[in-house]
Amino acid sequence: DTGVSQNPRHKITKRGQNVTFRCDPISEHNRLYWYRQTLGQGPEFLTYFQNEAQLEKSRLLSDRFSAERPKGSFSTLEIQRTEQGDSAMYLCASSPTSATSYEQYFGPGTRLTVT
Amino acid sequence: GDSVTQMEGPVTLSEEAFLTINCTYTATGYPSLFWYVQYPGEGLQLLLKATKADDKGSNKGFEATYRKETTSFHLEKGSVQVSDSAVYFCALSAYGGAQKLVFGQGTRLTINP
């Protein structure tokens, strides 16, 4: 299967700890997106990369959040000093440059629980 | 800013019933419009899309027409099946932007046999 993969699928952490999530996009997709989804809501955009360049960050992405895509392939999302309000599903998506209609393919998500 | 509003759920129907899930949007420019579906325990999947006014997207018996005059993209299916039970999300991607998706809050659909 060559879909978008995310690891880990579940993460439970204590408040104040740091966590890091990984996303592997579909190969040759040079656009990569991170979203956050809380229970009963639609996904909310966090940030977006084209190759290794981070082109846009949402105001939702506080200073405690940082994302990287160092070689233009996989990406990591780190949350420092986690808070209970960070508990959510973190979704990654990728799309190819040639997509004129911006079709994004989503991974299964990483569910974060902060206790 | 751009936004999407969906009809609130949950929606419960009997098998073979007609389905409509309303979606309206607010956006500058000419957005592309999407319906995504999330089946239980699975990730978001693109169901259908439309990129310009009056386009009709269709897939798996579902249809939605891009109506610029009413800023709407309602999802319809003539005869639903139990397997259609899922959460449905309407979304837009702004023209000329970073192509980020702006989602509605989702509508949970349950089909009873």
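Guide: Gladly! Let's begin at A:Arg69, where a polar atom of the side chain lies 2.8 Å from the backbone oxygen of A:Ser73. The backbone oxygen of A:Asn51 is also within reach, 3.1 Å from a polar atom of the A:Arg69 side chain. A polar contact here is a pair of N or O atoms within 3.5 Å; within protein, one must be able to donate a hydrogen and the other to accept it, and residues adjacent in sequence count only if both atoms are side-chain atoms.

Before going on, please keep in mind that this is a predicted model, in which local features need pLDDT of at least 70 and side-chain atom pairs count only at pLDDT 80 or more, while totals for chains, interfaces and linings use all residues. Residues are numbered from 1 along each chain as its sequence is written, chains are lettered from A and ligands numbered from 1 in the order in which they are written, and side-chain values use heavy atoms, with hydrogens and water left out.

What about the charge of this arginine? A:Arg69 is buried yet has no salt bridge, and A:Glu52, the nearest side chain of opposite charge, is 7.1 Å away. Buried means under 20% relative accessible area, exposed over 50%, and partly exposed in between, with a 1.4 Å probe and protein chains only. A salt bridge is a side-chain nitrogen of Lys or Arg within 4 Å of a carboxyl oxygen of Asp or Glu; for charge, Lys and Arg count as positive and Asp and Glu as negative, with His and the chain ends not counted.

The partner A:Asn51 deserves a look of its own. A:Asn51 sits in the loop between strand 5 (44-50) and strand 6 (53-57) of chain A, where strands are DSSP runs of E, at least two residues long, numbered from the N terminus. Phi of A:Asn51 is near 55°, a positive value in a residue other than glycine. A:Asn51 is partly exposed, with a relative accessible area of 31%.

A:Arg69 itself is in the loop between strand 7 and strand 8 of chain A, and those strands lead us into a sheet. Four strands of chain A form this open sheet in the order 1-3-8-7, with antiparallel pairing; two strands pair if DSSP finds at least two bridges between them. Strand 1 (5-7) and strand 7 (65-68) of chain A are the edges, and each has a single partner strand, so one side of each is left without a neighbour in the sheet. From one strand to the next the twist averages 15°, taking axes as lines fitted to C-alpha atoms and angles from 0 to 180 degrees between N-to-C directions.

Inside that sheet, strand 3 (residues 19-24) of chain A pairs with strand 8 (residues 75-79) of chain A over five antiparallel bridges, with A:Cys23 opposite A:Ser75. Strand 3 of chain A also pairs with strand 1 of chain A, in the antiparallel sense over three bridges. Here A:Gln6 stands opposite A:Cys23, and A:Asn7 has A:Arg22 as its bridge partner.

A:Val19, A:Phe21 and A:Cys23 make up the covered face, and A:Thr20, A:Arg22 and A:Asp24 the uncovered one. In a regular strand the side chains alternate between the two faces of the sheet.

A:Pro8 lies in the loop between strand 1 and strand 2 (10-13) of chain A. Most residues other than glycine have a negative phi, and most peptide bonds are trans.

Eight of its eight residues are buried, so strand 9 of chain A is largely enclosed by the rest of the structure. One side holds A:Ala88, A:Tyr90, A:Cys92 and A:Ser94, the other A:Met89, A:Leu91, A:Ala93 and A:Ser95. Strand 4 (residues 31-37) of chain A runs antiparallel to strand 9 of chain A and is joined to it by seven bridges, one pair being A:Tyr33 and A:Ala93. Strand 11 (residues 110-114) of chain A is joined to strand 9 of chain A by three antiparallel bridges, and A:Tyr90 has A:Thr110 as its partner there.
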